[in-house]
Amino acid sequence: MKAWAIGIILASVAAPALAAPRQYGGLALSPRGDRIATIEGDGHAKIVLRAVSDGKTLATLDPCPVCSYSGLSFGPDGALAFLARDRQAGTVTLELAEADRARPVATIKGIAQTPRFSADGKRIALLVTIGAAKEAGAAQAGVRQVGEIGEKNDEQRLAIFDRAAPPLAPEGVKPLSPAGRYVYEYDWLPDGSGLVATTVLGNGDANWWVATLDRIDAASGTVTTIAKPPLQMNFPRVSPDGREVAFIGGLMSDFGSVGGDVWVVPVTGGTPRNLTDGQKATATAIDWTKGGLRAVVLRGDRMELVAVDAKGFSAPLFGAAMSFGAGDGRVALSDDARVMATVAQSFTQAPAILAGPVRAPQQLTHDNDGEKPLVTARSLSWTQDGFTSQGWLLAPIGADPAKKAPMITIVHGGPAAAHLPNFVSGGLNAALLKSGYYLFLPNPRGSYGQGEAFVAANKRDFGGGDLRDILAGIDAAEKAAPIDDARLGLMGGSYGGFMSMWANTQTDRFKAIVAAAGLSNWVSYYGTNGINTWMVPFFGKPLYEDYAAYEAPSAIYHIAKAKTPTFIYVGERDIEVPPTQSIEYWNALKAKGVPTTLVIYAEEGHGIRNPTNAADAQARVLGWFGKYLK
């Protein structure tokens, strides 16, 4: 799952906004650092090219009025590759814009992502899933489990296209990487002889947690394993001299929720070295430029752009208590690492493009300058069991500081993830704030932002130390604001949904709970979900070798102590946390006489994406908290 990691993205439960802030998607920066490309617009979005010097719009690209765009990537000569998806036709076209005019390179029957130019600019690599049965990623709605199970899976494979060749029709697209192997991420070797990638044999949704770092020959597609690091990997990036590969390695709950230390390993293979071991920060993205290795790190409540060398992270080159890259923690850099560009936002500042010299980027866009914040935000920190946690306390604009108010604690998914500062304008959080609730967003142990030891501190302790951290954080929030301890609510999605279900059996402090796609029984969950390899790094052993470890944090085994009214919802076709987990918990609460309601949304996966379903879920959440907290 993206961003929330084993957790429904609560922000996806949103009613349509009347005037949502302008969004800047897919930001890319040209190698010279002079142009930015983004995807913008209400309804049908277009590709906008801007000058870094003054933010002036240089061109707008829209070669397919019925398509959605993604995968913006500049070549060494400034040409722009991107993807145009025609959902009705079931195709994705790799487009190339030269002199600000686009032409097709290849059309894929299925789905595709992540185009990248070779260093000489003559070839473009692409991840393709030909004849895809579902969207890429375990957070997407799964295919129905009928017939013989597990015999056929989508395969995301590497394909390479000659930039100068005539456009390829779907039947002409031939993947390079071998069948049976799923490719997650990749980077070119500088000499163009091959690519470095994270890959795995078998089902791509289920096995990212055991992926290896591999080299793929650009001529034959032969795969050679470089390393099998002990933890999960993201962002493989090859050094400009082609000798080493850097990657982010850490204890991660899901592909796309990135956090860890920065490691390097020779391209020829060997034992990876951790360059940032013991540092009290979490790398969320890296880039290896001609100007050196760079990382974006989350350090407490700040995101920073830093250099990385054998001594670890440098002092910040740029940093702020904001979210970079539209929440994914990414910064685009020029080839020499002197110019940066990102989309930045906070709880009170709407998204804007920042670009320019890395130590002093300027705000280039002002479309959202008139957006008024709905909240005041405060970063809190507190200590529990020797660990220092951080979280965000959001108060409605105009809240009376002398009047006691209800507060809802929102637990993020993961557990390896973090609440980041994102502008509040619509959706569930905005609706709750407008209804007068304070919101508390804790980052307890297991979260990113305090270093890898903090992330790993809840191994074999789900619902233990992290729940104590959350309760201590609520104490800190009550000292900082007029929170009514008799009107506390709790909600979360996926791992946050587990915590919501679990907390009901551990404390009577909350008066109303909402659990989205939660886990109620780790024993039954292990054998029924589609991604059970994610649990082994956290529990230490598979279920079948250590039943007691999985029973201990299962709410079902403690259901006699549950008293708090709980609203539960989940997607019908959720791969990551099947709806059976919610059904099991709902039945248990009913048997104990605890007020509860369960809604299973048709066709949804690990996230409520259909606008009608999202609006319904939001209305039910507001009604539930309104009934028990107001």
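## Aromatic rings

Rings of Phe, Tyr and Trp (its six-membered ring) pair if their centres lie within 6.5 Å; planes under 30 degrees apart count as stacked, over 60 as edge-to-face and the rest as tilted. One aromatic cluster is formed by Phe-462, Tyr-495, Phe-498, Trp-502, Trp-522, Tyr-525, Tyr-526, Trp-534, Phe-538, Phe-539, Tyr-544 and Tyr-550.

The whole structure holds 31 aromatic pairs. In one of them, the ring centres of Tyr-184 and Phe-255 are 5.6 Å apart and the planes stand at 45°, so this pair is tilted. Tyr-184 sits in strand β11 (residues 181-188), while Phe-255 is in the loop between β16 (244-250) and β17 (261-266), so the pair ties together parts 71 residues apart in sequence. Tyr-184 counts as buried, at 5% relative accessibility.

## About the model

This is a predicted model: local features need pLDDT of at least 70, side-chain atom pairs count only at pLDDT 80 or more, and totals for chains, interfaces and linings use all residues. Residues are numbered from 1 along each chain as its sequence is written, and side-chain values use heavy atoms, leaving out hydrogens and water.

## Overall fold

The protein chain has nine helices and 36 strands (DSSP runs: H or I, at least four residues, for helices; E, at least two, for strands; numbered from the N terminus). Its C-alpha trace spans about 70 × 55 × 50 Å along the principal axes.

Buried residues make up 58% of the 630 residues. Buried means under 20% relative accessible area, exposed over 50%, and partly exposed in between (1.4 Å probe, protein chains only).
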